[in-house]
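Dear colleague,

Please find below the structure that I am handing over to you.

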Amino acid sequence: GATVYNPSHLFGFFSVFNGDAVKNVELFKGGIPAEYGGRLSSVLDVRMREGNNERFAATGGIGIISSRLTVEGPLGKNGSSFLLSGRRTYADLFLLLSKEEALRGSKLYFYDLNLKTHFDLGDNDRVYLSGYLGRDALKTGMFGFDWGNRVGTLRWMHQFSPIFFSNTSLIYNDYDYKTSANLD
């Protein structure tokens, strides 16, 4: 339910959406529904999956560029669950091994963290808490770029009858983009 601005890492080479946390994706290139607030360009609607409400599970992977870890499981005995998923690149850790001081002082990484919990409060009420935290940092000798998103949603769904329900959301969104230049 929240907007993620600049939805890419490392200038578009990676998506900010961790595949381990995604349930489904829908792309609107034109004729965008009104629920997206009158957007003029395309909209990519990404829905997070819910955690496993029956058993604890963990998956992950180590790659050449990045690693990922997802942990999920039940919260209590009422069908509630959580999902926590994260990724990080580690090129910056290899730069620390360089003999050149300029490279050791460089930054080159991204990370993201996804969280989704849902609580069943009875037959007619569910509360969802979801969040996304992501950051990119790229700094070489003279220039630096740093950007990121912090997004959170608290949603309450109440079913009044089999055909009438309400969804009420409280959304927090913080996007920042910083550039730096050292022209000494």
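How many helices and how many strands does the secondary structure of the protein chain come to? The answer is two helices and eleven strands. Please bear in mind throughout that this is a predicted model.

Overall architecture

Read along the sequence, the elements of the protein chain follow the pattern β-β-β-β-β-β-β-α-α-β-β-β-β. The C-alpha trace spans about 65 × 40 × 25 Å along its principal axes. The protein chain has 184 residues, of which 32% count as buried. Among the contacts with a separation of 6 or more, 49% are made by residues 24 or more positions apart.

The largest pocket

The largest pocket has a volume of about 1,200 Å³. Strands E3 (22-28), E4 (43-48), E8 (107-120), E9 (125-139) and E10 (143-161) are the elements that give two or more residues to its lining. Of these, E4 gives the most, with six residues. The lining of the largest pocket consists of 37 residues, and those nearest the centre of the pocket are Gly 1, Ala 2, Thr 3, Asp 45 and Val 46. Sorted by class, this lining has 15 nonpolar, 13 polar and nine charged residues.

Aromatic pairs and charges over rings

The model has five aromatic pairs. One of them is formed by Phe 56 and Phe 82, with 6.1 Å from centre to centre and 50 degrees between the planes, and this pair is classed as tilted. Phe 56 lies in the loop between E4 and strand E5 (57-62), whereas Phe 82 belongs to strand E7 (residues 81-89), so the pair ties together parts that are 26 residues apart in sequence. Phe 56 counts as exposed, because its relative accessibility of 57% is over the 50% cut-off. Phe 82, in contrast, has a relative accessible area of 17% and is buried, because that value is under 20%.

A further aromatic pair is formed by Tyr 109 and Tyr 111. The two rings are stacked, with 6.4 Å from centre to centre and 10 degrees between the planes. Tyr 109 is buried, at a relative accessible area of 16%, while Tyr 111 counts as partly exposed, at 27% relative accessibility.

Which residue has its charged end over the ring of Tyr 109? It is Arg 88, and the distance to the ring centre is 4.7 Å.

Selected residues

Asn 149 is placed in strand E10 and is buried, with a relative accessible area of 4%. Beyond its neighbours within four places in sequence, Asn 149 is in contact with Val 4, Tyr 5, Asn 6, Tyr 132, Leu 133, Gly 134, Asp 174 and Tyr 175.

Val 71 is found in strand E6 (residues 66-74) and is partly exposed, with a relative accessible area of 30%. With neighbours within four places in sequence left aside, Val 71 is in contact with Ala 57, Ala 58, Phe 82, Leu 83 and Leu 84. Phe 82, one of these contacts, is also the buried member of the tilted pair described above. The C-alpha atoms of Val 71 and Ile 32 are separated by 34 Å, and the two residues are 39 residues apart along the chain.

Gly 61 has its place in strand E5. Is Gly 61 buried or exposed? At 17% relative accessibility, Gly 61 counts as buried. Not counting residues up to four places away in sequence, Gly 61 touches Ser 67 and Arg 68. Between the C-alpha atoms of Gly 61 and Arg 87, which are 26 residues apart along the chain, the separation is 9.4 Å.

Ser 180 is located in strand E11 (residues 164-181) and counts as partly exposed, at 40% relative accessibility. Ser 180 is in contact with Met 142, Phe 143 and Gly 144, again leaving aside neighbours within four places in sequence.

Yours sincerely

Technical notes. Residues numbered from 1 in each chain as written. Predicted model: local features only at pLDDT ≥ 70, side-chain atom pairs only at ≥ 80, totals over all residues. Heavy atoms only, no water. 1 Å grid on protein atoms, 1.4 Å probe; cavity = no way out; pocket = protein on both sides within 12 Å on 5 of 7 lines; lining within 4 Å. Points joined across faces, edges and corners; volume = space filled by probe spheres on them. Helix = DSSP H or I, 4+ residues; strand = E, 2+ residues; numbered from the N terminus. Nonpolar A, V, L, I, M, F, W, Y, C, P; charged D, E, K, R; others polar. Phe/Tyr/Trp six-rings, centres within 6.5 Å; stacked < 30°, edge-to-face > 60°. Buried < 20%, exposed > 50% of the residue type's maximum accessible area, 1.4 Å probe, protein only. Lys NZ or Arg CZ within 6 Å of the ring centre and 35° of its normal. Contact = heavy atoms within 4.5 Å.
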